[in-house]
Amino acid sequence: MNARPLVAGLVLTALVVASLGIGAAQIGPGAAAGNGWTALVLMESRLPRTLAVLLTGAALAVAGVVIQSLVRNRFVGPDTAGTGESAALGLLGITLLAPASPIWIKMIVASLAAMAGTALFLAIVRRLPVREVMLVPIAGLILSGIIGSVVTWIAWEADLLQFVGTWLMSGEFSGVIAGRYELLWIAGAAAVLAWFAADRFAILSLGDQVATGLGLSTRGVMRLGMVVVSVVSALVVTTVGMIPFVGLVVPNIVARILGDNLRASIPVVAAGGAGLLLACDLIGRIVRHPYEIPVGVILGIIGSVIFLWLLYRPVAHG
Amino acid sequence: MIRINGLSHHIGAAPILHDIDLTLPRGKLVALIGPNGAGKSTLLRLVARLEPVQQGRIEIDGLDLSTTPTERLALAMAVMGQQTHIASRLRVAELVGFGRWPHHHGRPRPADRAAVRQALAAFDLEPLAHRFLDEVSGGQAQRAHLAMTFAQGTDWLLLDEPLNNLDMAHSRTLMARLADLVRGSGRSVVTVVHEVNYAAAWADHIVAMKDGRIVAEGPPETVLTEPVLSALYDTPIEVSRHDDRPLVLHHHWHDQLGSPFPKAADAPSHLLH
Ligand SMILES: Nc1ncnc2c1ncn2[C@@H]1O[C@H](COP(=O)(O)OP(=O)(O)O)[C@@H](O)[C@H]1O
Ligand SMILES: [Mg+2]
C-alpha cells in the first residue's frame, strides 16, 4: 500500500526523462551541460513540451473530477460537456470581431464562452431524470456536436476553417515551444484551486440535501466548479487543441482505487492525468519516429479501450 | 424551541401544507406520524431549510430560517432526509467525518476526530469504518448516514424515517440512543416514524399529520388512542397497553384472517367511518 506513491513517482520521473530525451534530435543523458545546441533544444523545445503535456494532463484530469461531481455522473468529462467547443466559439467570435485584441483578452473571452457552454450543459442535466445515468453523457455529446458544428459553419463562412481546425481536431504537442505554452500554467493553477476546494466538491457529490444540511452553499460551489472546468478547457483547447478521454478515464480509475475523498484523491488524479498524457505523447513520438502521431489519436485508441473496460468490468467486491 | 407560524406550501398548483402553526419543545423526543402523503417529509424539509419557505415563518432556537446563514444553521441542526442513497464512493469513516465539516471547514481538530470515533462506535460501525459505502448493505449505509448526522453534534436532530432500512435490533438501538441523547444530554430530536409503536414506546411528544394539517398533538397517551389513530389512518385500529405505554395493534383487523379466528365481539362502530 505504502509503496504505491513511490512506484507512481518513479514511473512519472521515468516518463519525464524519456520525454526530455526522445525526439527528432538525439539527446543523450548528461549531454545538456556541455553542448550549447543540445541545451537549446532542451530548453526551447523538449522542456516546454514536457511541461505543457504534464500541465494539460493534470489540469484536464482534475477538471474531470470537478465536472463529474457537479453533475454527479461518472460518465462525463470536460471534453464531453460542450465546454471545449464553446471556448472555440468564443475564440472564433473575438477573432472575427476584434482580431487585434491581445492574447489575454482572447483567453478571457474563450473562458467566458466556455463557462456559458458549461452552464448550459448543467442546466440541461438538471432537467434529466436522475436514474437515467447514460442520458447525461449523451446530452453532453449532443451539445458538443451542436456547438462544434456552429463553430465549423461560422469558420467556413468566414474562411477560417484551417485556423479553427487546430482547436477542434485532436490535439497535439509538436508545435509547443518556449513562449507558446505558458498560459497552461493558469490551467494548472485552476486545478490547484480545485484541490483547495476539494472537500466542497466531495460534499456537493453527496447530494443537495446533505450538502445543505452541512451548511454548504451549493450555488457557490457550482460556480467555482464551472470556473475551474471552463478555464482549464479554454486554455487547453486554444493552446494545444482537444484532448479526449483524460478527464473521463483518469478520475474513474482513481475513484475505483481510492474512492471519492477528493482531498486525498485529487493529487493522485493530477499525477495520473499527467502520466497518462505523457505516456501517450511519447508513444506518438516513438511509433513512427522521426514522424509523430498526434497524442489525441493515441488517446482516442487507449482511452476508448479503458472506457470500455470501465463500462464492462466485473463488479468488484470487498 | 422550533416555532412554526402560518406555514403553507404548494408544489405547482397542489397545496401540500395548509397554514400550519406548531411549536416543537426543546429537550424532547418528538415523533411525527401520519399516513403516506400527509406532508411529514415536506414539513421536515422546510424546517431543515432543504427547501425554501414559500409562506409563513420558521424559527429554531430564536434563529429565523429566512435570515440566518446556512452555515450557522448547520451548527444548530443536523438533518437526515428520507432519501439517503449516496452515489459517492466514500469510506464509511470518511462519510461520518463530513458530519464534522460545519465545525472545521476542512481542518479537523482532535475534538472532531473524537466525535467521529464516538459516532462510529455508537452505530456499531467500527468494523466497517474502512469499507466503501457501495460495498456495505443498505441498512449499514443508513447507519453510516445516521452516524454522520450524530457526529454533527447539534442541539437539534431532524430525522425522516430513520428506521427505514434497519432491522429490529438496530431500530430499537437507534430509538434508545435517540432517547438517551434527549434525556442524557438535553438535546432535541424530531423524527418521522412510520411504525407507530416506536413512537408509542420512546417518544415524549407526538405530532399527527394528515392531508397537510396537524390533526393531533400531545403526549403518547393522548394521541395514540383508538379514535385518533383510526381517523388518522382511515382504518379501524385497536390500542392495547404494554409496559404501561400504548401498544398499537394495527397489523390486521379481527375478521380479516378468516374463520378460525374469533370476530371482535364489540368492535366499536364509530371507528368504521
Ligand atoms: N415533487 C412533487 N410533486 C408533486 N407532489 C408532490 C411532490 N412531492 C411530494 N408531493 C406530494 O406532497 C404530499 C406530501 O408529501 P410528503 O411530505 O412526502 O408526505 P409524507 O412524508 O407524509 O409521506 C403528497 O401528497 C405528495 O404526493
Ligand atoms: Mg415522507
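Which atom of B:Lys40 lies 2.8 Å from an oxygen atom of ligand 1? A backbone N or O atom does. The model is predicted, and this tour begins at the ligand.

**Stop 1: the shell of ligand 1**

Select ligand 1 and the residues around it: B:Ile11, B:Ile16, B:Pro35, B:Asn36, B:Gly37, B:Ala38, B:Gly39, B:Lys40, B:Ser41 and B:Thr42. Colour them by class to see four nonpolar, five polar and one charged. Next, show helix α1 of chain B, residues 40-47. This helix gives three residues to the shell, the largest share.

**Stop 2**

Keep the ligand in view and go to B:Gly37. A backbone N or O atom of B:Gly37 is 2.8 Å from a ligand oxygen atom. At B:Lys40, the backbone again supplies the N or O atom, with a distance of 2.8 Å to an oxygen of ligand 1. Then pick B:Thr42, where the contact comes from the side chain: one of its N or O atoms is 2.5 Å from an oxygen atom of the ligand. Ligand 1 on its own has 560 Å² of accessible area, and the protein covers 54% of that.

**Stop 3: a hairpin in chain B**

Within the pair, look for B:Met209, which stands opposite B:Ile214 of β10(B).

Which residue of the hairpin takes a positive phi? Select B:Asp211: its phi is near 50°. The hairpin has two residues between its strands.

Terms used:
Residues are numbered from 1 along each chain as its sequence is written. Chains are lettered from A and ligands numbered from 1 in the order in which they are written. This is a predicted model: local features need pLDDT of at least 70, side-chain atom pairs count only at pLDDT 80 or more; totals for chains, interfaces and linings use all residues. Side-chain values use heavy atoms; hydrogens and water are left out. A residue is near a molecule or strand if one of its heavy atoms lies within 4 Å of it. A polar contact is a pair of N or O atoms within 3.5 Å; within protein, one must be able to donate a hydrogen and the other to accept it, and residues adjacent in sequence count only if both atoms are side-chain atoms. Accessible areas come from the Shrake-Rupley method with a 1.4 Å probe; for residues, only the protein chains shown count as cover. Helices (H or I, at least four residues) and strands (E, at least two) are DSSP runs, numbered from the N terminus. Ala, Val, Leu, Ile, Met, Phe, Trp, Tyr, Cys and Pro count as nonpolar, Asp, Glu, Lys and Arg as charged, and the others, Gly among them, as polar. Two strands pair if DSSP finds at least two bridges between them.
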